[in-house]
2 protein chains.
Amino acid sequence: MTALQTAYVSEGVGLVHRQYLTWTEPLPLESGAALSPVTLAFETYGELNQERSNAILLLHALSGDAHAAGFHSPADRKPGWWDTMVGPGRPFDTERYYIICSNVLGGCQGSTGPASRDPHSGRPFAARFPVITIGDMVRAQTRLIDALGVERLLAVAGGSMGGFQALEWATSYPARVGGAILLATSARSSAQTVAWNSIGRRAIMSDPRWRGGNYYGHEPPTDGLAVARMIGHVTYLSEPSLEAKFGRRLQGAQEPAFSLEREFAVESYLDYQGESFNARFDANSYLYITKAMDYWDLPARYGSLDAAMARVQGSTLLLSFSSDWLYPTAESQAIADALTRQGRPVEHVDIQSSAGHDAFLIDVEPQRPIISDFLDQLARRA
Amino acid sequence: MTALQTAYVSEGVGLVHRQYLTWTEPLPLESGAALSPVTLAFETYGELNQERSNAILLLHALSGDAHAAGFHSPADRKPGWWDTMVGPGRPFDTERYYIICSNVLGGCQGSTGPASRDPHSGRPFAARFPVITIGDMVRAQTRLIDALGVERLLAVAGGSMGGFQALEWATSYPARVGGAILLATSARSSAQTVAWNSIGRRAIMSDPRWRGGNYYGHEPPTDGLAVARMIGHVTYLSEPSLEAKFGRRLQGAQEPAFSLEREFAVESYLDYQGESFNARFDANSYLYITKAMDYWDLPARYGSLDAAMARVQGSTLLLSFSSDWLYPTAESQAIADALTRQGRPVEHVDIQSSAGHDAFLIDVEPQRPIISDFLDQLARRA
């Protein structure tokens, strides 16, 4: 561990560990199926106060996990995915709030998912895992919150698919949510989102090593998952950010190689993203989680976006990012407008950024005071 | 043949046939390699006038071919790819102009490409085909134009990669080009274009049936090519056009199936695009042509866009489309600005359209008078 790392570890939440909650009472799913037992992997940072009024649930995006902040070991090269925002003195202030983050149902970082053992067969579920929805993910989270002794969350917060879950919390369990922080998200998956997800699934499912999902114990479908991840990555960035980062620079060469192999820096970057994703993600989880995203359609469930937003009882903070073309500003604005029409307190800030959809994780500086103030107001009222 | 088809066939250029030009003099390539013999498949519509001053060369995009207009057989369900614009009384008026269109070098619709027989081995080139550039494609076209007895083209015209070729003509052979019509195109491939093309190539090359390119006589890599084409298709459309066309409609169902299989209409559409592309396109050609696109960088070749545009001798018409995010309006505007700074006659029209990049082939009505007038002015001056 370098001195820099030591300092950083001691500044943030420090060393943390993953915890697990397992229950055997069946979890009913939107499809009509049920799962039992169910395990959720989770982490917590900070302490629950005596009034049990300071709990905040963080909700991760497609490729995230329960490890939102801190380090699992001093040797870790990177902290949790939202570490810049979680810790003493940070917006999700662990000296003030009790922060919870769990890996989604269907995930592959400790929660029950397609790689889990099917109790009926004794083998991994694989493609026999039931198709799940955002509603199912959140229903599982309510059990975790119950088990942690939290009746009402001060706030729920998440970006992208994490925002889907936050919206699900705010509309399905409105009495349990003080406020919702929604970043770079939408009330429904667009046809374009479905299209990208579907192409990623096609790439995975047509990789012969996918074997109909039964690749556990064999070589996994790394080519298919890499292609799916590479597609995702381009949609998370903006054209200007790709130009600024890579332009037409060749990787380790001055002149074109006149070869079919990759040679531009942007190609090496995408290739690296594909490889490193394979090292940490299960292809079947990618199928199930993207399918859950595709089903996400809050207006359809309640008849209209206004009818859905009428269910919200707490305050809402929406952050969108000007160069995000996957979940454009207009989709946050539509949610803000519907909440306003329903007389619900809402604040929407569109942050100027060239970083595309990824801005919600990258351009944290302008978000800090906005999120801090929003939470502070919630806490004062609580 | 239905009455409608009969009427349509008789209204347009009617029945046409593909022709071939083969030469044995080696074609030098930008990579330093050379090809011999070379064949270009081409079609012509209309008649070359006595002054040989009315020839227009149409240049096709990534997935196009020499069949720009008319029908190869009365049983054909669809005419050529730019039939709406080519024919008697249409902007590329075959009663007035002599229209030429050839399949690009590296293509798979009759021109020399990776599926062609390598004279050294007697087997298909496959991945031993030399990597080619837009400059190589156009150098091959000069031989065709020579053979057809045309010294100077009244105009060159193309969209997307067809626009790359038109720009190559206007800058590499300026004395042979009266005017250039550039639709939905750019003077260089952006990092994002390279990214999408690279992911498509990765999908093809990781399909085990690709076999390092040696799949001729075997099952071709249809899964990889389908994924590449599906990615392309989403980039050719806009988010609003996908919403309008498909939205979140399910294909042949009212309720979600809770299955990993495709079920949204947009998924069926993309799947169909992938399948039908496999029926007409060679995966190796996809690799070579997208690589040629990735190398496209006119400013780099001449030091700046202005220096490149200073080479242009004829007039230029640029059409861009407001919802095209693959080759956005700004890229056409940059070309127009550079031409203006160099004192070259240029007209740039940004057409309002929700059809995305595909607008250049779909939203033809607003283009008709603009292209007709531009050609008319060129012809009067010729």
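Start with the sheet of chain B: select strands E1, E4, E8, E5, E9, E10, E11 and E12, which lie in that order in an open sheet of eight strands with mixed pairing. Strands here are DSSP runs of E with at least two residues, helices are runs of H or I with at least four, and both are numbered from the N terminus. Two strands pair if DSSP finds at least two bridges between them. This is a predicted model, in which local features need pLDDT of at least 70 and side-chain atom pairs count only at pLDDT 80 or more, while totals for chains, interfaces and linings use all residues. Residues are numbered from 1 along each chain as its sequence is written, and chains are lettered from A and ligands numbered from 1 in the order in which they are written.

At the edges of the sheet, select E1 (19–23) and E12 (346–351) of chain B; each pairs on one side only. On average, neighbouring strands are turned by 20° against each other, direction ignored.

Next, select E5 (55–59) and E9 (155–159) of chain B, a parallel pair with four bridges. B:Leu59 is found opposite B:Gly158 of E9(B).

H2 (134–147) lies across E1, E4 (38–45), E5 and E8 (98–102), at about 55° to E4(B). H3 (161–172) lies across E5, E9, E10 (179–183) and E11 (315–321), at about 150° to E9(B). Axes are lines fitted to C-alpha atoms, for helices over the stretch in contact, and angles run from 0 to 180 degrees between N-to-C directions.

Show both chains. Their contact takes 42 residues from chain B and 42 residues from chain A, where two residues are in contact if their C-beta atoms, placed from the backbone, lie within 7 Å. On the chain B side, select H4 (191–205), H5 (222–236), H6 (239–245), H7 (265–280) and H8 (283–295), each of which supplies at least two residues. H4(B) gives the largest share, ten residues.

Superpose chain B on chain A: a rotation of 180° with 0.0 Å of shift along its axis does it, at RMSD 0.0 Å.

Finish in chain A by selecting domain 1 (3–188 + 297–381) and domain 2 (197–288), with bounds from an automatic or database domain assignment. Their centres, taken over C-alpha atoms, are separated by 26 Å.

Note on methods: Least-squares fit on C-alpha atoms with pLDDT ≥ 70 in both.
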